[in-house]
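Subject: The model to look at, and what turned up in it

Hi,

Here is the structure I promised to pass on.

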Amino acid sequence: MAFPKKKLQGLVAATITPMTENGEINFPVIGQYVDYLVKEQGVKNIFVNGTTGEGLSLSISERRQVAEEWVRQGKNKLDQVVIHVGALNLKESQELAQHAAEIGADGIAVIAPFFFKSQNKDALISFLREVAAAAPALPFYYYHIPSLTGVKSKSVRAEELLDGIQDKIPSFQGLKFSDTDLLDFGQCVDQNHQRQFALLFGVDEQLLSALVLGATGAVGSTYNYLGKKTNQMLEAFEQKDLASALSYQFRIQRFINYVIKLGFGVSQTKAIMTLVSGIPMGPPRLPLQKATQEFTANAEAKLKSLNFLSFPGLKDGNMEACS
């Protein structure tokens, strides 16, 4: 089984799917987006077609095209491209998993089905196993996001799911844990420290707490535009400079706390990324609605107050592009 020489670790940007004003995918800007992540944010791993990427709002054909473009543009620039292939039905997930293998992706991830839900651990593992089997040579990651899937009964906690999972899914390599339950995450680390899993935390504003518990990396939307600041926090933590790491985490929290109070989701993430990067992310796809110009102006003011906008002036039209 051919797995990457490097374990997936450090920051992983949950990529946005850029769109035109009429709701079509804006493929031509993805190359510029890759360069921005690498050169400006120091982020060289990406998670494509997940929540931030509106993966479940795209058609299967669109998801395939988006995955292809990220792999193509990331070649020799990005370390790892992980494609989220979760869907509401097994056949579509399998098709997307096989496609990810064919185009040269570095891994696949899957959420739990959330319309007809798995009622217990065995049912969920059976689903995941069938998807993983469609791309057996690719590292497989479980994407744990109970706030959206509703899958979080006592029997399907992440810690219990990981118990013996490699016996049933040989390609299993780790977990994207997008939940605030640090007890569950801590036990994922504690019970699996000898297995060398990639245990990636997915709640950006709590990352330092997860690092203390043993997270090996993080997947998140803010790493698109706050990757450089978060990398500074990681460096301080690795150097055992907890005071500096806390300072970085608290500054990041101030911004996230502020925008959460305004109303923060995928739509607003697109607006902030347009603002900070100068790359047009466009509107989200319905049923999500565009962030307001008022939100964007308030977010800009907060970013400036925290010295998170590190370039002189915004490009003309950026505000309009995300209003």
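In which loop is Gln 196 found? Gln 196 sits in the loop between α8 (182-190) and β7 (198-201). A quick word on those labels: helices (H or I, at least four residues) and strands (E, at least two) are DSSP runs, numbered from the N terminus.

Before the rest, some ground rules. This is a predicted model, where local features need pLDDT of at least 70 and side-chain atom pairs count only at pLDDT 80 or more, while totals for chains, interfaces and linings use all residues. Residues are numbered from 1 along each chain as its sequence is written, and side-chain values use heavy atoms, with hydrogens and water left out.

The chain averages 91, and 92% of the residues score at least 70. Over residues 312-323, though, the pLDDT is below 50, and this stretch has 20 contacts in the model beyond near neighbours in sequence (contact means heavy atoms within 4.5 Å). Where pLDDT is low, the predicted coordinates should not be read in detail.

Most residues other than glycine have a negative phi, and most peptide bonds are trans. Gln 196 is not a glycine, yet has a positive phi of about 60 degrees. Asn 76, also not a glycine, has a positive phi of about 65 degrees, and lies in the loop between α2 and β3 (80-84). Gln 196 counts as exposed because its relative accessibility is 53%, and Asn 76 is exposed with a relative accessible area of 76%. The cut-offs are under 20% relative accessible area for buried, over 50% for exposed, and partly exposed in between (1.4 Å probe, protein chains only). There is also a cis peptide bond from Leu 286 to Pro 287, with omega near 20 degrees; Pro 287 is in the loop between α12 (266-277) and α13.

On to helix packing. Axes are lines fitted to C-alpha atoms, for helices over the stretch in contact, and angles run from 0 to 180 degrees between N-to-C directions. Helices α11 (residues 242-262) and α13 (residues 293-305) pack at about 165 degrees, with their axes 10 Å apart. That makes α11 roughly antiparallel to α13 (angles under 35 degrees count as roughly parallel, over 145 as roughly antiparallel, 65 to 115 as roughly perpendicular and the rest as oblique). Their contact involves Phe 255 and Tyr 258 of α11, among others, and residues of α13 including Phe 295 and Leu 303.

Helices α2 (residues 60-74) and α3 (residues 90-103) pack at about 20 degrees, with axes 10 Å apart, so α2 is roughly parallel to α3. Arg 63 and Arg 64 are among the α2 residues there, and Glu 92 and Glu 95 among those of α3. This contact has five nonpolar, one polar and five charged residues.

The residues Gln 41 touches include Tyr 223, Tyr 225 and Lys 228. Glu 300, in α13, is buried too, at 13%.

Cheers

Note on methods:
pLDDT is the predictor's confidence in each residue, from 0 to 100. Ala, Val, Leu, Ile, Met, Phe, Trp, Tyr, Cys and Pro count as nonpolar, Asp, Glu, Lys and Arg as charged, and the others, Gly among them, as polar. Lists of a residue's contacts leave out its neighbours within four places in sequence.
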